[in-house]
Amino acid sequence: MASQTVLQKLEILADAAKYDASCASSGTAKKNSLGGKGIGSTEGMGICHAYAPDGRCISLLKILLTNHCVFDCHYCVNRKSSNVARARFTPQEVVDLTLAFYRRNYIEGLFLSSGIVKSSNHTMEQIVEVARILREEHDFRGYIHLKTIPEADPEIVHQAGLYADRVSINVELPTDSGLTRLAPDKDARQIEGAMGKVKSDLVEAKDARKRFKHAPRFAPAGQSTQMIVGADAATDVDIVGKASRLYDNFRLRRVYYSAFSPIPDASAVLPLKRPPLIREHRLYQSDWLMRFYGYKPTDVMQATEADGNLPLDIDPKLAWALKFREAFPVDVNRASKEQLLRVPGLGVKAVGKILASRRHRALRLDDVALLTQSITKVRPFIVTVDWRPITLTDRADLRSLLAPKTEQLELFAA
Ligand code: SF4
């Protein structure tokens, strides 16, 4: 085979990386990055967006070191048996590309993942080498997110954390049985063992830095993971349960959800159709409820329908409120912060403003209307000095009154 130019490799390896959602912000449209054409494209060749630990949205060069792989995960376009064009960067080529993009202001950091070549240790060493050259030889101060390989020696994974801002290990599928069926080379215990080791490295590094100012940093932006949604029969109850166990056990910063998307040359054991993208969005909303609104995993599970999945036509917060109407209406002038955060249509900022304003005066419905995108959604669930819903909260058709009329991804305001 004729040797490939760096640009040809970039086309293949940036496109191959697009299936990994674990550096992405939720809710963006997924576009084919191959070719990277079009003004304003958010996902040109190899560029993705992520949120830095300080909340800034940053652009990352998102590529694979190689899409050769000795594993055969059915859902993966890069699996051993897949008939796709292959390419492989050297660590130095990735370093040169990163620096060239960085100097042109195209990116503020690097997201690097890889198929497994030769062995897990060899691949992990190559990934670490990219970060080492960037940090030690070029004093690169940009953001680095390294995908780590659970089967690799923990000492090499530890090295990754010393250079990277964030490390991640994909759990891939919500259930062990799904993993066994669709990723036969992977082992759920090994994946969670690797996450546990990263967690203890994070804790140790944090303690050391409290005692010694110059103790080495270890993945200051923490660890994250990704779960594929819709490739197996796992329900949203399974997915939320798994995510909450991962948050509890491994102190993850984020669990990313990636709606399974049919890949070229797909394995016969996969579904033919992707799940609706709105399902991924509903899972992100439920994740948000657990991280910022005080919902427990069991609360989110209670919002699911008989099939164990969250409703698609309404958000999980509204679904919970409709199921537990006895918790409403809440008096915005007296209710606790926790009660207000349960009101559909009231976001964290709106609740903060309500708590601050009501110290000075009693709030009216118009005051609340200024804080929400839709007072129609809020009204059945609140009481103000001039408003009480009477029978509205209990109406049998309340769901159809409040469900969005057109199918769209609403901004997650509540
Ligand atoms: S290990 Fe599995 S998911 Fe990762 S690149 Fe190889 S085939 Fe794909």
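Glutamate 137 is partly exposed, with a relative accessible area of 49%; here buried means under 20% relative accessible area, exposed over 50%, and partly exposed in between, with a 1.4 Å probe and protein chains only. The model is a predicted one, in which local features need pLDDT of at least 70 and side-chain atom pairs count only at pLDDT 80 or more, while totals for chains, interfaces and linings use all residues. Residues are numbered from 1 along each chain as its sequence is written, and side-chain values use heavy atoms, with hydrogens and water left out.

Glutamate 137 belongs to helix α3. Helices (H or I, at least four residues) and strands (E, at least two) are DSSP runs, numbered from the N terminus. The side chain of glutamate 137 is joined to that of arginine 132 by a polar contact of 3.0 Å. Such a contact is a pair of N or O atoms within 3.5 Å; within protein, one must be able to donate a hydrogen and the other to accept it, and residues adjacent in sequence count only if both atoms are side-chain atoms.

A salt bridge is a side-chain nitrogen of Lys or Arg within 4 Å of a carboxyl oxygen of Asp or Glu. Glutamate 129 and arginine 132 are separated by about one helical turn, because they are 3 residues apart in helix α3 (residues 120-138). An α-helix has 3.6 residues a turn, so residues three or four places apart point the same way. Both partners count as partly exposed, glutamate 129 at 27% relative accessibility and arginine 132 at 21%. The pair is part of a network of salt bridges that links Glu129, Arg132, Glu136 and Glu137.

In total, the structure holds 19 salt bridges. One of them lies in helix α8 (residues 277-292), where arginine 291 and aspartate 287 are 4 residues apart and therefore separated by about one helical turn. The N to O distance in this bridge is 3.0 Å. Arginine 291 is partly exposed, at 28%, whereas aspartate 287 is buried, at 1%. Another salt bridge connects aspartate 331 with arginine 334, with 3.5 Å between the closest N and O atoms. Here aspartate 331 is partly exposed, with a relative accessible area of 23%, and arginine 334 is exposed, at 70%.

The 24 residues of α6 (residues 188-211) should span 34 Å at 1.5 Å a residue, and the end C-alpha atoms are 35 Å apart, which agrees; the expected span is 1.5 Å times one less than the number of residues. At the N-terminal end, aspartate 187 caps α6, with a side-chain oxygen 2.9 Å from the backbone nitrogen of arginine 189. The buried residues of α6 include Ile191, Met195, Val198, Asp201 and Leu202. Among the elements that cover the buried residues of α6 are α4 (154-163), β5 (166-168), α5 (176-182), β6 (223-229) and α7 (236-250).

Helix α2 (residues 91-103) passes the check too: its 13 residues should span 18 Å, and the end C-alpha atoms are 18 Å apart. Buried residues in α2 include Pro91, Val94, Leu97 and Phe101. Just after α2, asparagine 105 takes a positive phi of about 70 degrees.

Two loop residues come next. Serine 114 sits in the loop between β3 (109-113) and α3 and counts as buried, at 14% relative accessibility. Beyond its neighbours within four places in sequence, serine 114 is in contact (heavy atoms within 4.5 Å) with Leu64, Leu65, Thr66, Thr123 and Ile127. Valine 269, in the loop between β7 (254-259) and α8, is partly exposed at 35%. Valine 269 and histidine 74 are 195 residues apart in sequence, yet 7.4 Å apart in space, C-alpha to C-alpha.

Finally, the ligand is surrounded by Cys69, Phe71, Cys73, Cys76, Arg79, Gly115, Ile116 and Lys186, a residue being near a molecule if one of its heavy atoms lies within 4 Å of it. This shell has 5 nonpolar, 1 polar and 2 charged residues. Ala, Val, Leu, Ile, Met, Phe, Trp, Tyr, Cys and Pro count as nonpolar, Asp, Glu, Lys and Arg as charged, and the others, Gly among them, as polar.
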